[in-house]
Amino acid sequence: MQKNIYQKNNKMKYNAYLVEEDNGKYIGSVKQLDIPTLEKNRVLIRVKYSSLNYKDALAATGAKGVVRSYPFVPGVDIAGEVIESDSSNFLPGEEVIATGYKIGMAEFGGFGEIAHIPADWIVKLPENLSLFDTMCHGTAGITAAECVNKIINAQISNDLPVLVSGATGGVGSVAVGLLSNLDFEVHAITGKPEESEILTKMGASKIIARNDYMSEPLKPLDKASYSSAVDTVGGEMLAKIISMISNNGVVSCCGNVGGAMFTSSVFPFILRGVQLSGVDSAESPIRLKKDLWDLLSNEWFIDLSNQTKTISINEIDDEIKKILKGGQIGRVVIKHGD
């Protein structure tokens, strides 16, 4: 085993970023925990990489409805090596990935060096991707891929641009890169217009400041300027996006940082045949996740290393504060060990 997983009092230990409740406050710190005993239909994984998502930040701050109980180890994403397995599908030494489901919510997640999760949540590492590559994507990348997949499956023409909101965030930035790589013209909405150079490198051909985009009053049916869209924001942003989609376009919706409610009219749906398609990649069937990982490792491959920051578990606190303030750009990967 790795040298940072060590024996103490005859019990194997591992390091983890553990969030504990203290008089209503939630405090995260690196602790040594006991390695669990392998249970039926589960796999014990030595985690080499995880990633930081907005849901992880919420879990670390005690947001209601995210984590079942505390103390808890967040981290909805896992990439590592099988130590032990009670499933014939996975053998010791195999490299695997797992995202979503109840990882980092009801099961200790990827912010620890060891994970003990159901075999049905796991995918073998596809060819052409490293464990680090997969966590540059993580849940954000799989969500973006599922959003883009809905647009591709609808056979949307690239005659008009595709709109992406929240473009500097995890999902938005990957969606920009994927769509651009698939020969779509991408217009990116962002609350950080000062980051236009980064968005251009990601593949956006036009940067739209969020305040400018939302400055005009919402119309029941606006000019059909976009073929489709990926919306990571929700709220009134989503309502405005829907009004600007052309005939038979698709709006993939996967976020609510701008609000859980929105007001729209039926006109985009009954006059243009617009489809509003929700995406919950955390609970997507494992077969779909495998298919998306295969796409990301082949035809849809994009190099995210230049928009990814790598940290240790000792540096998680600062990044959590940053993502909660809306300051994260691109992706953050947590590396365990040396």
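**Burial and the cysteines**

A residue is termed buried when its relative accessible area is under 20%, and partly exposed when that area lies between this limit and 50%. In this predicted model, C253 has a relative accessibility of 18% and therefore counts as buried. C254 reaches 23%, so C254 counts as partly exposed.

The structure holds zero disulfides. For C253, the nearest cysteine sulfur belongs to C254, at a distance of 6.6 Å, and C253 is in no disulfide. The nearest cysteine sulfur to C254 is that of C147, 3.8 Å away, and C254 is likewise in no disulfide. The cut-off for a disulfide is a pair of cysteine sulfur atoms within 2.5 Å.

**Aromatic pairs**

A pair of aromatic rings is described by the distance of the centres and the angle of the planes. Five aromatic pairs are counted in the model. One of them joins Y49 and F132, whose ring centres are 5.6 Å apart. Because the planes of these two rings stand at 65°, the pair is edge-to-face.

This pair links distant parts of the chain, as Y49 and F132 are 83 residues apart. Y49 belongs to strand 4 (residues 42-51), whereas F132 belongs to helix 2 (residues 131-153). The two partners may also be described by their accessibility: Y49 is buried, at 17%, and F132 is partly exposed, with a relative accessible area of 21%.

**Lysines over tyrosine rings**

Two tyrosine rings are considered here together with a lysine. K289 lies over the face of Y101, at 3.7 Å from the ring centre. K240 is placed over the face of Y213, at 5.2 Å from the centre of that ring.

Technical notes:
Residues are numbered from 1 along each chain as its sequence is written. This is a predicted model: local features need pLDDT of at least 70, side-chain atom pairs count only at pLDDT 80 or more; totals for chains, interfaces and linings use all residues. Side-chain values use heavy atoms; hydrogens and water are left out. Rings of Phe, Tyr and Trp (its six-membered ring) pair if their centres lie within 6.5 Å; planes under 30 degrees apart count as stacked, over 60 as edge-to-face and the rest as tilted. Helices (H or I, at least four residues) and strands (E, at least two) are DSSP runs, numbered from the N terminus. Buried means under 20% relative accessible area, exposed over 50%, partly exposed in between (1.4 Å probe, protein chains only). A charge sits over a ring if NZ of Lys or CZ of Arg is within 6 Å of the ring centre and within 35 degrees of the ring normal.
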